[in-house]
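Keep the structure open as you read, and try each question before looking at its answer.

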Amino acid sequence: SITDDLHIGLNAVGYINEIHSYIGTGYSLDAGGVYNFSELTVSLFARNLIPTKVEYTDSEDDTYSGEEDLPLHTVFGISYPFGDMDVLGQFKFDGVNTLMSVGLDYTPGFLMGMLTLSGGYKEFSVLDNISNTITLGVGLNLFGLSVDYAYEKSDHFEYDANNFASIGFDF
């Protein structure tokens, strides 16, 4: 935190991608910031700040080598509260497409911030095309321990949904 209203972060990233006998490795750097304007919160995030290549080898063929360029991603987000509900918006450029996401977080005041219900709409790139999905989530926060779950509808041919879970603790 730079001030009470301005927060910045830096993240070192290591990539390891394994597909059958192919293994890709690489590294990069991400950075972001959050600023609070009274009740309005804005954020800006950049992924792959340094030119990033993932280099591939094949454990079954010592002569194989390949590489993949990972493009610069930029994400702009905004959040505004309306009573117990937060309205969220996001614009993302992934190197090919400009994508939009919107969401709602509802934290009932009578539960003292222990429960949050979430829903949203998300666009994402599939090759050079734009696809979309809906998301639903629930979060529990008890004495600094948070447990969150999210469901995301998928159009993948082998499965119908993505499920995400996380556990966190505030020190």
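Q: Is M112 buried or exposed in this predicted model?
A: M112 is found in the loop between β8 and β9. Its relative accessibility is 70%, and the cut-off for exposed is over 50%. M112 therefore counts as exposed.

Q: Which loop holds H20, a residue with a positive phi although it is not a glycine?
A: The phi of H20 is about 55°. At 67% relative accessibility, H20 counts as exposed. Its place is in the loop between β1 (6–19) and β2 (22–37).

Q: How many helices and how many strands does the protein have?
A: Reading from the N terminus on, the elements run β-β-β-β-β-β-β-β-β-β-β-β. That pattern goes with a count of zero helices and twelve strands.

Q: Is S79 buried or exposed?
A: S79 is found in strand β6. Leaving out residues up to four places away in sequence, S79 touches E39, L40, T41, D86, V87 and L88. Its relative accessibility is 18%, and buried means under 20%, so S79 counts as buried.

Q: What percentage of the residues of the protein count as buried?
A: The protein has 171 residues, and S79 is one that counts as buried. Over the protein, the share of residues that count as buried is 20%.

Q: What is the relative accessible area of Q90?
A: Q90 has its place in strand β7 (residues 85–93). Apart from neighbours within four places in sequence, Q90 is in contact with V75, F76, G77, L99, M100 and S101. Q90 is partly exposed, with a relative accessible area of 32%.

Q: How far apart in space are Q90 and V42, C-alpha to C-alpha?
A: In sequence, Q90 and V42 are 48 residues apart. In space, their C-alpha to C-alpha distance is 9.7 Å.

Q: Which strands each supply at least two residues of the nonpolar patch?
A: The patch lies on the surface and is formed by Y80, F82, M85, V87, L104, Y106, F110, L117, V138 and Y149. Together these residues have about 900 Å² of accessible area. The strands that each supply at least two of the patch residues are β6 (73–82), β7 and β8 (98–106).

Q: Which strand gives the most to the lining of the largest pocket?
A: The largest pocket holds about 680 Å³ of space. It is lined by 31 residues, of which L88, D105, S118, G119 and T135 lie nearest its centre. Strands that each supply at least two lining residues include β3 (40–47), β11 (145–153) and β12 (161–169). With six residues, the strand that gives the most is β9.

Note on methods:
Residues numbered from 1 in each chain as written. Predicted model: local features only at pLDDT ≥ 70, side-chain atom pairs only at ≥ 80, totals over all residues. Heavy atoms only, no water. Helix = DSSP H or I, 4+ residues; strand = E, 2+ residues; numbered from the N terminus. Buried < 20%, exposed > 50% of the residue type's maximum accessible area, 1.4 Å probe, protein only. Contact = heavy atoms within 4.5 Å. Patch = residues over 30% accessible without salt bridge, like charges linked within 9 Å, V, L, I, M, F, W, Y side chains within 5 Å. Areas by Shrake-Rupley, 256 points an atom, 1.4 Å probe, with all protein chains shown as cover. Salt bridge = Lys/Arg side-chain N within 4 Å of Asp/Glu carboxyl O. 1 Å grid on protein atoms, 1.4 Å probe; cavity = no way out; pocket = protein on both sides within 12 Å on 5 of 7 lines; lining within 4 Å. Points joined across faces, edges and corners; volume = space filled by probe spheres on them.
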